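Biologist: Could you take me through the aromatic rings in this one, pair by pair? I'd like to know what they pair with and where they sit.

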Amino acid sequence: MGAASSVEGGKSLEEAKAEFLAKLAQVKESNPDNLCAKHLTEEYFNSVSEEDQKVLYRCCVTGVENPDSGLGCYAMKPADYATFKPFFDKVIREYHGDETGSKEHVTDWDISTVGEEGVLDVSKLGLDEVSMRVRVGRNLTKFNLPGLMDKAERIEFEKTMLEAFEKLKGMEEYGGNIYSLSPDHGEGVENPNKISDEKYKELVDAHIMFKDMDADPYLKSAGISSDWPYGRGCYVSEDGQFIIWWGEEDQLRIMCMKKGTRLDEVFSRLKKGLDVLESIEGIEFAKGDYGYVTSCPSNLGTGMRASVHIKIPNLTKDGSDAKAKEVCKPLGLSVRGTGGEHTPIGEDGTVDISPRARLFIKEAEIVAALYEGIKLLLEKEKAAGEGGDYAEAPKAEGDEAAPKAEE
């Protein structure tokens, strides 16, 4: 179906399609939890035009080449969720926990009605200063999503963002620096913002820049990591608390982070930064029936992940996050290591926690859910320290309807 299949492999398009569908059938049997394989049928695949088959193949090939995928699919264009709705809608609603098939997404950042008039201060829960971060994924309407971009489009996207960054640099709150990984801007055009390998490592070690995407087999199969490192980099405010990644899984990952006690502060600064960014000419975020468009269906809707680093030594005394995950799952929380997904927890029992829901939930509800989740988790941590069985601690209200989302 793709160029590699039909040209490099010496196969015709029909032969490549037959091979893809045969592998898809095998994954359906061997990995029933792979949602792409579960919901993509040969009948539906053959029902779309040949041109659309090529795109749908690109959307789903990662789930066939990586059978252990949970979702197994990425959108290639902002319009794909509408174009291939008979397929994507089933994947999305099963993943995000909509058995009715009737939920609709609503965007709402108003936190004035949560907490104490919009104030979410974890010091009231007995915590001192904690590391907090709120991020969103965003994509622009006029570009393909990263999986379908070629090198020229990645460079063009970077140039578009550089114009926006120059305007941010002139603002007191959001002024900062541009760090680009692109070797050049095509046809021998020098990249004035290119950083050295040493600087890149420094930014990665400081958790400011993302790691080499080409090492990720899922992103590689989807074409998202292609042309690395062209069209990749980050913009960082002078205070280091407002960061924009470009060219990662989504065209943009925009985040605010700081150490403090008020979750509402990072939330509100991010919202203001998004408004400022989208007010710049040429920057229009893609939206659809599922809210903000993201490459991975797991991030649709808000595209948001709100997280804190919190110490729970009693629930992690075996040195792993296994018990913490068991406790957090019914609370609707995800647990990660301090360096992100698939990284170890801190030696002092520090973990990264965040609400799992992204879609069919309001932005304000996510940050409120994080605050409530911290409160409930601390109660279970205290019970575990007093010799109680954390598994017997009262469940959070609505446990049984906890949405499915990324781990």
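**Aromatic rings up close**

Modeller: Start with a cluster: ring pairs join Tyr81, Phe87, Phe88 and Tyr290. Bear in mind that the model is predicted, so local features need pLDDT of at least 70 and side-chain atom pairs count only at pLDDT 80 or more, while totals for chains, interfaces and linings use all residues. Numbering runs from 1 along each chain as its sequence is written, and side-chain values use heavy atoms, with hydrogens and water left out.

There are 12 aromatic pairs in the structure (Phe, Tyr or six-membered Trp rings with centres within 6.5 Å; planes under 30 degrees apart are stacked, over 60 edge-to-face, the rest tilted). Phe165 and Tyr235 make a stacked one, at 5.0 Å centre to centre and 15° between planes. It connects distant parts of the chain, 70 residues apart: Phe165 belongs to helix H8 (residues 151–169) and Tyr235 to strand E3 (residues 233–237) (DSSP runs numbered from the N terminus, helices being H or I of at least four residues and strands E of at least two). Both Phe165 and Tyr235 are buried (under 20% relative accessible area; exposed is over 50%, partly exposed in between, with a 1.4 Å probe and protein chains only).

Phe210 and Trp228 are edge-to-face, because their centres are 6.1 Å apart and their planes at 65°. Phe210 is in the loop between H9 (197–205) and H10 (217–221), Trp228 in the loop between H10 and E3, so this pair ties together parts 18 residues apart in sequence. Phe210 is buried at 3%, whereas Trp228, at 22%, is partly exposed.
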